[in-house]
Every structure is written in C-alpha cells, then in structure tokens.
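Visitor: I am new to this structure. Please show me how to read its features.

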Amino acid sequence: MSRTFLGLIAVSLAATFVSCADSIAPNSSTILASAFASLPLGFQFVPSTFAGGSAADSDGWAPPDNHSFGRMGPGGHDDGGGPGGGSMMCGGLGGAFHGDGLGLGFGHGFDRGLFGGIFAGTSLPGTCALDAPSGRVICDPVTHDGLSIARSAAYTDGSGTVQTAFDSLTTNSINIRVSVSGTKVRRDNNTSVVQHTSDRTVAGLAPGSTQRTVNGTSSGTENITGSNTTGSFTAVRTIGDTMAGVVIPVQSGGMAFPTAGTVIRSAQVVLTYAGQSPTTSTRREVITYNGSTTATITITRDGVTRTCTLAPRGRPMCQ
C-alpha cells in the first residue's frame, strides 16, 4: 500500500472525526443547562417565587468542564426543561403559587410560608425599630453564611393607613423588603459576589378576608470567578421575578390554587473562559392564572418558546 494512499486515508479519517466532533459539540443550552437548576448563591434568603432546594443554592454553582461528562458536563444534569420542557427552573414554583395554599412552603429562610412567619405578625429577625419618617420597621443586618441580610417591613390597615406594628385584628397589608449582599469563597475555591433584593406586598390579611393578593418583585446577581481544567473563568448569573395581582383563595384544608394574576420569571447566565468568547443562555417563564383548574405557562429557552399548562402541584405539560 503506497504512502500516498495511506496519507489520503489519514486525511479522510481526520476530516471525518472533525465533522463528527462538530456535529456533537454541545450548544449553549446544553453547556449551561445546570445554571438553571439552582438559585444563585444566597438568593434563597429573599422572598421569591423560586422554590430552590438544590445543594447548589448554598454550595454555589460551577460551570461545566468542557472536557468532562460528569454531573455538570454536557449530557449531565439539566434543568429538566430543555427548550421549554417538562419542569420549571430553579426548583420550580414556590408552594403558594403552585397550589400548596396559604400556610405551606413559600419563600425562603426567615420567611417559610407565605402567610406564616412575618406575615402572621411574628417579630422580624434581628434588632428592629420603627423609622418614623418612612413608617417602616427596619432591622439591623444579620450575617448568615458570610452574607449580610437586611430586612424591613411596613404595615397598613384596611383603609391604607400606615401602622407602626402588626395588629392581628386590623392589619390588612404587609410589605417586606429584603436585600442580601456579600462575597464568599466557596467549597470549590471559586468566589461568588452576590447582590439580591426583594420587595413584596401581601394584602387581604385582615380577619374575615376570603383571599390574599400578592404583588412584588425580586432580582439577583451572582458574579463567579474560578477555574477548572478548561481554564480560568468568570460567570454571571442573574435572576428575577415579577408578581402582578396574584390572587390566592383562603380555603379550609390548606391547599388552594391561585385564581388570577401573572408571574414572570427570568434567568440568564454568561460564562467566559480566559481567551474565549462569552457563552450565554437565557430562560423566561410566564405563568398566567385564569380562574380555571390549570395555569398557562409560556417557557422560552434561548429563543425557543413552548406553551404549557400547569395543574396544582403538578409538572408543566407542554405542547
């Protein structure tokens, strides 16, 4: 067999391998899918519609190693949805938005239960005092796992008059504001710098009310620096939600599905390795409650949109 013929075979094989490598190379949705499976570090301390619950919520997220096919690598852990697939990002919806009713899991940290904890009138954590000019009860920041958490609350009665403290007989509305900030060197030796905020109002708390109405927003940013076998990297994860006129009935037995309102949730991750161009992935979920037994969800992942339905305490069923 001539050297020329062997050379042609080698060139052909090399071209074939390159072609195969190109065809199976993971896109941004695959590479960064795991970023949507957990909350940014520390975001579990601000009230939001994100259920969270992943170990990465407290341990931190790491970008996938391009040379690895492990838990965070291509073909490994996904958010379960793909481009609008069968699950919702960051642990899914918090309980009260998902049909668990008013007394079960909602929010995170100090605020477990949408209408328990602070919303039932118990004391804000830490040292708190009324700030007369603003009419808010403001608490000194507390430190948790190296992050600073600041909280404040404002109370109004049924006529909208500001109250200096919660009154179980007359308080109808509570506004809670929470911020989280700080820097943490994580177990994997990567560093996260976080800045999160939440501003939520729950109305309809007065005795005899037949429904609660929730309005508010949350937003957060986690800047991650670190390295793996692929190289040094920076990653920026942003997340947020908006709740507009979400109505949750007061029902005996606990469970209740929202009957009106809209929740918009979005997240983005931008990953940059030294000497390489950034890789970006985004996800957006819009949940609309219409008074029926299911909610409508539109899920958009990197420009691909699907329409789904969500039953109480169920998983999205997508077209």
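Guide: Start with a bridge: in β13, Val 304 is the bridge partner of Arg 301. The model is predicted, so to speak: local features need pLDDT of at least 70, side-chain atom pairs count only at pLDDT 80 or more, and totals for chains, interfaces and linings use all residues. Residues are numbered from 1 along each chain as its sequence is written, and side-chain values use heavy atoms, with hydrogens and water left out.

Visitor: In which sense do β12 and β13 pair?

Guide: Two strands pair if DSSP finds at least two bridges between them. Strands are DSSP runs of E, at least two residues long, numbered from the N terminus. Strand β12 (residues 295–301) and strand β13 (residues 304–310) pair in the antiparallel sense, over seven bridges. Two residues lie between the strands of this hairpin, and Asp 302 takes a positive phi near 50°.

Visitor: Which residue in β14 is the bridge partner of Thr 309?

Guide: Met 317. β13 and strand β14 (residues 317–318) pair in the antiparallel sense over two bridges. Their hairpin has six residues between the strands. In that turn, Arg 313 has a positive phi of about 60°.

Visitor: Is Ala 129 buried, partly exposed or exposed?

Guide: Buried means under 20% relative accessible area, exposed over 50%, partly exposed in between (1.4 Å probe, protein chains only). Ala 129 has 47%, so this residue is partly exposed. Ala 129 is found in strand β1 (residues 128–131).

Visitor: What does Ala 129 contact, leaving aside its neighbours within four places in sequence?

Guide: Contact means heavy atoms within 4.5 Å. Ala 129 is in contact with Arg 136, Val 137 and Ile 138.

Note on methods:
Helix = DSSP H or I, 4+ residues; strand = E, 2+ residues; numbered from the N terminus.
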